[in-house]
Amino acid sequence: MVGCATVLAENDRQQKISGVVRDQSGEPLPGVNVVMVGTNTGTMSNIDGVFNLNVSGDKLDKAELKFSLIGFASKNVALKGKTVVNVTLSEDDQILDEVVVVGYGTQKKATLTGAVSTIGTDELTVTPTSNVQNMLAGKLPGVRIQQRTGEPGSYDAKMDIRGLGTPLVVIDGVVREVSDFQRLEANDIESVSVLKDASAAIYGMRASNGVLLVTTRKGESGKTRIDYTGSFGFQNPSGLPDVLDAAQYAELVREADRNMGRGINTTFTEEDVARFRREGGTDWYDLAMKNLVPQTHHNVTASGSGKRTQYFLSFGYYGEDGIWKTGDLNYHRYNIRSNLSFDVTKDLKAELLIGAMSDEKNQPYKDTWEQFKAIWMLKPTETPYANNNESFPNDVMYGLNPLMITDADQSGYKRRINRTLNTTFTLTYKAPFLKGLSAKFLYAYDYKNYQQKEFQKQYTLYKYDREKDVYNSQIYSSPSSIYRKSWEGAQNQLQASLNYERLFAEKHNLKVLFLYEQSAKEEDNLWAKRNFEMDAVDEIFAGSEEEQIGNADAGQIYRVTNMGIVGRVNYDYQSKYLAEVSFRYDGSSKFAKGHRWGFFPSASVGYRISEESFIKEFAPLSFITNWKLRASYGAMGDDGSSSYQYLSGYDYPGASYVFGDVVYKGLGFRGLPNELITWYKSKTLNVGTDLDLWNGMLSAQVDFFWRYRDGLLGKRSGEVPGTIGAELPEENLNQDLYKGFEIVLGHRNKINDFNYSVSLNFALTRRQNRHLEEGDAVNSYDRWRNKYSNRYSDMGWAYGSNGQFTSMEDIWRSPIQDGQGGATQLPGDWKYEDWNGDGIIDDNDVYPNVYEHTNDNGNPKMTFGATIAAEWKGFDVNLLFQGGGGFNVIYFEQLQYPLCFGGNGLAHFYDRYRQDENGNWIPGKWPTTRDAGSYSVNYARCKQTTYDASYLRLKSVEIGYTIPQHITRKFKVDRLRIFANGYNLFTLSNLDFVDPEHPEGNYGYLYPIMRNFNFGLNLSF
């Protein structure tokens, strides 16, 4: 017994393990995680690199310690009875060796001299949305994404780089459409790189707005790996304005009747209001809409290699329903990809990349904007059925009964089908006779087909006549008709290039590229329409031949060709001194001979101070892993806004002429041609710095940029008299400047089993008109008020705000602003600032005090984002915050005032100035109610109606758990992860009645942005 007790005591005795952790230069490393493998026992090294850890005596021989620190390669050390363990950790060069895709090639991130941002598939796919473009929001500095709608199958999202406009999209080395990128399967993407400065100049005439480079996944070496990602979830509307209920509507109508002098009881009495409060009215939202709608996403990939082949295969499906209860709004998309690589010989490699997409959107015949306009407008005091008889749908305002217009069986439908095939074939030959020399040939063929079918079906509504007890019918959308359109487009692209890359004397790294490229793109279309005598068959052959129409959209029939010669040289000395020069000689068929070709050079330099010996060998500065200064300058062009304006002649068909009873097509005048017209010229300057400390534990990136554009199109309307007798041509007359800065801050760390990272980004962009062709100013005031050269384009003019009138006495004491001595004004009306102090409110009191929303369409001047990610023992979480600031929006019609078109109003207008039973005015946020036509005094653009739309949004959250492998491998599963995520979860904004990204287009009658919730799993085997 005594012997047993002695053995147990020795086993329980704690042994102290100590040591010092150093880097390769012998300097101590603080903050190193030291963990006993297979246990929760651990500690951390102190500022001198020293660690102390207690280990049970019986584990001293078998224990193994793991040493880990962000920026260093982890290391496992077996104790084997030792109590003193000194360890040296080697730097993890992953940060510096990371490869970034650039134009026509790749570069190491450490030696990159341009302003290039990149993101990988893991960072993309944590944001659950059908549009890959929206997945970039808030994640990359300077990339501005505005999600304008949540409508299924509507890819109405705006994207630009540094505010410069829609960028050029390049997928797998081939210039393609933004729509191709939007509809990609996110799990097929390897990386997305954004060229924001002169690094884009290598794409020449089409690169002025920056370049988005997308690389799809290729096969991985090894056995076949199959991955499945699936999710199912629900969406509900976010930021959708509420409408007035029946009692509120009746109150506002009574108020308008009193304010307009008709008598408060003209339309509704107090008893009516009380009855509506008791019994309610028609909730047109509830009648037509679902609050939760399903969405689902599935993707299967297979990746692996054979003896001489590598392959990546993928199939994806995405589907979602719309919010109409009929189920007639829905969207389905299918993606297929096959990326194959073949080693034809030891020196010759072939690649065949094929991507195909097919999607289909179905919707009722009336577009979404018409449906929401109707729902907001319809009176809650009316019923959906005449006399509440469900056999007779009610003839409500303008025949826009949601029971009919959201139902395809009743009013018809629209169907749009897109089919896309993208193919790329490449041959790469590595010359055995000269080390570093390779040749590459690329041919790409893309084909698109679009089918549109619109079936307008007449429907009947009824009014009930109580006196006669009859239902009077009214037919709408008559006659029924069918419209079919077929569109197709094709693109051919060819590249041939030579590449040379060589390291000389282990110090001088040289890369040379020479490339020839040509492309041709064409489109064609045809459409036809027929009316129905009987609409039982919704096909065009069943329509009447009388009054049939067949035609084509002239703007979608064209052929454009481009050619270019590209050269680039990269040089670095010991990865310390960096330089790059490139050029592109580019041609476009859109311009006249002699003006088709342009030369676009660029240059960039970099200096990695961190590679200097006074930093690398100086212990107090050893925490600097990478510090790089860089600058770039380049010239680019933009041929996207001018097409064949050099051609003279006539347009046919133009105006139509009637002779007798016959209509003849005639010629249309084109105006004066301009044979000198050419592309915009854009010159970009960028200076920046990259900093990584403690091997990436802290990082920062700062960029300042300027883009000068010359040759923007304009007309000499202010210089040439209108008596010239012809329409003036556009010329390359105007100039502007975009300037701003970007900041990215990052932190990542590992504490025992807890890994986390934080990334913050901020960008500011402003546009200035350097010169506008606008004629000479008449006087100094005319110049200040009406001329915009040398001014920021986001400068908006509006009345200043003095709040609201609080009483009639306040109106009488204030400067006149309605031109009628205040006779049309009431308490609660906007009170404009008498800016010039002359006692009259007129156009002379307007001054710059808001952001312009016309030229820049309400674009945020500032964008920002924050990504927070963490992992712990199989659990992971990712949060994305995204926002914008420095922009205004302004709304019209139903978002501007209630009772528009004689109908209902939105609920936020209920908080308005109003009178109590004694005639005393009660303050409210909005003006008092009156007829729509009498609101004109409140229509003027002013601070009160130009809303600050700055916002911060929790864009996405994903939480996941990976099942331990010792469990999943029992079922022959390599990895099983379950997750839940959300999208557009909540928004902070002063704009409280509508989503801040809700655009003013179509008067704000747009499908709401949707809030998503999903559950899913990742499975690998």
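In which loop does Glu 547 lie? Glu 547 is placed in the loop between β27 (508-531) and β28 (549-551), where helices (H or I, at least four residues) and strands (E, at least two) are DSSP runs numbered from the N terminus. The legends below describe a predicted model, in which local features need pLDDT of at least 70 and side-chain atom pairs count only at pLDDT 80 or more, while totals for chains, interfaces and linings use all residues. Residues are numbered from 1 along each chain as its sequence is written, and side-chain values use heavy atoms, with hydrogens and water left out.

**View 1. The whole protein chain, with 14 helices and 54 strands.** The radius of gyration, taken over C-alpha atoms, is compared with a globule rule of 2.2 Å times the number of residues to the power 0.38. Because the value of 34 Å is close to the 31 Å that this rule gives for 1021 residues, the protein chain is as compact as a globular protein of that length. The C-alpha trace spans about 110 × 85 × 70 Å along its principal axes. Of the 1021 residues, 50% count as buried, a term that means under 20% relative accessible area, with exposed standing for over 50% and partly exposed for values in between (1.4 Å probe, protein chains only).

**View 2. A negative surface patch formed by Glu 533, Glu 545, Glu 546 and Glu 547.** Patches are made of residues with over 30% relative accessible area and no salt bridge, like charges being joined within 9 Å and nonpolar side chains (Val, Leu, Ile, Met, Phe, Trp, Tyr) within 5 Å. Asp and Glu count as negative and Lys and Arg as positive, whereas His and the chain ends are not counted; the place of a charge is taken as NZ of Lys, CZ of Arg, CG of Asp or CD of Glu. Glu 547 has a relative accessible area of 66% and is therefore exposed.

**View 3. A nonpolar patch on the surface that includes Phe 342.** Phe 342 is found in strand β20 (residues 330-343), and with a relative accessible area of 32% Phe 342 is partly exposed.

**View 4. The salt bridge between Asp 736 and Arg 767.** A salt bridge is a side-chain nitrogen of Lys or Arg within 4 Å of a carboxyl oxygen of Asp or Glu, and the structure holds 48 of them. In this pair the closest N and O atoms are 3.0 Å apart. Asp 736 lies in strand β39 (residues 731-751) and Arg 767 in strand β40 (residues 754-771), so the pair ties together parts that are 31 residues apart in sequence. Both Asp 736 and Arg 767 are buried.

**View 5. The salt bridge between Lys 831 and Asp 810 (3.0 Å, N to O).** Lys 831 belongs to strand β44 (residues 830-832) and Asp 810 to helix α13 (residues 808-813), so that the pair links distant parts of the chain, 21 residues apart. Lys 831 and Asp 810 are each buried.

**View 6. The salt bridge between Asp 992 and Lys 925 (3.3 Å, N to O).** Asp 992 sits in the loop between β53 (975-989) and β54 (1009-1020), and Lys 925 in the loop between β50 (921-922) and β51 (947-948), 67 residues apart. Asp 992 counts as exposed at 56% relative accessibility, while Lys 925, at 38%, is partly exposed.

Technical notes
Accessible areas come from the Shrake-Rupley method with a 1.4 Å probe; for residues, only the protein chains shown count as cover.
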